[in-house]
Amino acid sequence: MKNLRKILPVALMAMTLCSCGGGVDVTNKHLPTDDPSKEVVIQFWHCMGHDKSENLGKIVKKFNEQYAGKYRVEATAPEKTYDKLHETVMTRISTGEVPALCMGYPDSFSMYITKNLETSHIYKLDNFFNDENYGYSAQEKADFVDAYLEEGSHYQFDGIWSVPMYKSTEIMYYNANYFCGDNPETEQKVAKDTSLDAAKKTAYMNALADVQNATAYATDEQLATLKSAVNAVGGYTYEVPVTWAQLEAVSRAVIANRAAQGIINPNFYPFGYDSDANLLISQMAQLGIPYTVNNEESRKNTDKHFAFNNQQAKDLVQSIIDLHREKIMTTKGLLGGKYTNEAFTSLESIMSIGSTGGSSYNVSGNFKVKLAPVPYKGNTPKYIQQGPSICFFDNDDDYIHKGAWLFYKMMAETENNAALALENSYDPVRKSSYETTNYENWIAKHDLDLKYDIPYTTAQIKQYYMTSEVFIGSSEARNQLDDIIKNIVNGGMTIDQAFSTAYNRACDAAK
């Protein structure tokens with residue numbers, strides 16, 4: 001779709017991203033009561049791979065059949081990652097070519113809004129939500145998962161600027177075999193201990209063989225039998241941690257037990273964290289440490305958006321660095337950008353914390369992978385809310401806007417959204433989706449495969465989801481937090497230098 005609004009010179013676009021406003025009021029758009037006299041094309045841009053978009057294709061087909069001759073959706077993936085899709089959108093904005101709606105993340109959407117409502121490329125959705133003909137009733141609004149819907153109101157301007165597509169969070173993947181005793185420290189101990197009761201040792205060897213020879217993953221029953229047999233011979237089993245303190249204690253026990261049996265691997269860390277930024281942001285929230293601010297004062301003085309340059313945050317970073325130097329944990333940043341799931345699946349760690357959306361990368365044919373909520377620090381569980389939302393671009397055509405809104409509503413329908421989300425290892429955005437037969441049948445198989453276990457586990461923690469405020473520069477704040485730990489450990493910076501650098505770069509991005 002061509003955005004026909006006036007394009008300002010490149011130099012000015014660099015200041016305001018793309019000043020295509022032309023005085024158009026993006027905060028007060030309404031849906032037409034009639035339909036177009038000829039078919040209108042609705043461009044939907046996404047970054048879903050072919051193997052993840054089967055149900056999206058079904059929804060598109062259903063929509064196009066229902067609205068034939070009026071609206072036709074064309075769903076395309078110009079890029080394969082969110083970052084690349086965002087870059088493409090920014091490039092197309094500068095030429096005036098934008099889709100009707102696009103999947104992405106709020107940090108990107110805040111840049112499409114720009115710093116001035118008059119130059120926003122996406123429009124406010126309050127009137128669409130409240131439209132008497134095509135909006136949502138109070139009961140329907142209440143059917144959205146609260147945290148998912150509220151995310152659309154956390155921007156630099158009041159109102160609803162995006163809607164949820166489907167959502168994910170962080171989860172802890174753990175090596176269930178290892179925790180139940182299928183680990184080198186137990187094997188070494190049993191091999192060296194000549195005083196073991198023969199019957200108990202035989203039971204252990206048989207249970208271990210049953211687990212290791214399982215055609216797929218070992219079952220929960222097989223693992224429970226192994227754990228009992230391991231305990232009987234004085235081997236090593238571990239409890240899955242719930243809190244951060246327990247995570248540290250389990251990790252230290254693993255290291256001590258391996259050392260006692262002479263097992264040395266300089267690349268082994270009990271657990272890894274895939275996102276340095278998420279680690280810091282979530283723990284800062286759990287501990288009540290300021291991160292970012294989005295209020296009237298910070299909008300006037302953008303430096304005040306960034307509150308993370310404080311002693312509490314520095315102490316937190318120091319504690320994480322200490323754990324790394326103790327060989328307790330590592331992060332993607334400390335591994336030079338290598339995802340921690342690679343260490344997890346290659347048996348160089350036993351726990352990996354990452355997105356539920358990346359579950360396929362944590363699968364291993366060597367052991368059964370199970371899930372648990374990310375161990376939390378402090379007294380309050382808080383988990384990063386992730387997953388794509390959808391924004392609507394101003395195409396200067398109310399029929400395009402209406403078609404885009406109707407298509408979103410179809411994607412967000414109870415059954416459709418459940419199918420769309422589950423296919424991608426994400427959570428639906430409607431509460432009623434969790435009561436569908438499709439969803440219930442899916443999670444009933446949670447002990448069979450990782451993809452079924454994700455919604456089963458995340459259903460228990462939704463009340464603890466959190467989001468951060470979004471504004472121009474908020475994405476850079478995340479980028480800078482992602483670099484702080486590695487800048488200290490691998491880059492030679494002091495903690496004060498790393499925080500000052502991060503703060504100054506975030507402030508520059510917000511100007």
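1. Contact here means heavy atoms within 4.5 Å. That cut-off matters for helix α18, the place to start. The model is predicted. What covers the buried residues of α18 includes α2 (54-66), α17, α19 (437-443) and α20 (450-458).

2. Which residues of α18 are buried? They are N416, N417, A418, A419, L420, A421, L422 and E423. Just after α18 comes S425, with a positive phi of about 60°.

3. Helix α17, one of the elements covering α18, includes D398. D398 has a relative accessible area of 39%, so this residue counts as partly exposed. Setting aside neighbours within four places in sequence, D398 is in contact with H30 and P32. P32 is 366 residues from D398 along the chain, yet their C-alpha atoms are separated by 6.6 Å.

4. Now the aromatic rings. The whole structure holds 30 aromatic pairs. One of them joins Y112 and F393. Their ring centres are 5.4 Å apart, the planes make an angle of 40°, and the pair is tilted. Y112 belongs to helix α4 (residues 106-113). F393 sits in the loop between β11 (389-392) and α17 (398-411). The pair links distant parts of the chain, 281 residues apart. Are these two residues buried or exposed? Y112 is buried, at 2% relative accessibility. F393 is buried too, at 0%.

5. A second pair is F344 with F367. Here the planes stand at 80° and the centres lie 5.3 Å apart, so the pair is edge-to-face. F344 comes from helix α16 (residues 340-345), while F367 comes from the loop between β8 (351-355) and β9 (369-372). The pair therefore ties together parts that are 23 residues apart in sequence. Both F344 and F367 are buried.

6. Some rings gather in a group. Y123, F128, F129, Y136, F144, F392, W405 and Y408 make up one aromatic cluster. F144, a member of this cluster, also has a charge over its ring: the charged end of R430 sits there, 4.7 Å from the ring centre.

7. Next, helix packing. Two packed helices are described by the angle between their axes and the distance between the axes. Helix α15 (residues 311-325) packs against helix α21 (residues 474-489) at an angle of about 55°, with the axes 11 Å apart. That angle makes α15 oblique to α21. The crossing of α15 and α21 is right-handed. Which residues meet where α15 and α21 pack? From α15 come V317, I320, I321 and H324. From α21 come I484, I485, I488 and V489.

8. Helices α9 and α10 give another crossing. Helix α9 covers residues 184-192 and helix α10 covers residues 198-212. Their axes come within 12 Å and cross at roughly 150°. The crossing of α9 and α10 is left-handed. T186, E187 and V190 of α9 make the contact with K201, Y204, L208 and Q212 of α10.

Technical notes
Residues are numbered from 1 along each chain as its sequence is written. This is a predicted model: local features need pLDDT of at least 70, side-chain atom pairs count only at pLDDT 80 or more; totals for chains, interfaces and linings use all residues. Side-chain values use heavy atoms; hydrogens and water are left out. Rings of Phe, Tyr and Trp (its six-membered ring) pair if their centres lie within 6.5 Å; planes under 30 degrees apart count as stacked, over 60 as edge-to-face and the rest as tilted. Helices (H or I, at least four residues) and strands (E, at least two) are DSSP runs, numbered from the N terminus. Buried means under 20% relative accessible area, exposed over 50%, partly exposed in between (1.4 Å probe, protein chains only). A charge sits over a ring if NZ of Lys or CZ of Arg is within 6 Å of the ring centre and within 35 degrees of the ring normal. Axes are lines fitted to C-alpha atoms, for helices over the stretch in contact, and angles run from 0 to 180 degrees between N-to-C directions. Angles under 35 degrees count as roughly parallel, over 145 as roughly antiparallel, 65 to 115 as roughly perpendicular and the rest as oblique. A crossing is left-handed if the near helix is turned anticlockwise from the far one by less than a right angle, and right-handed if clockwise.
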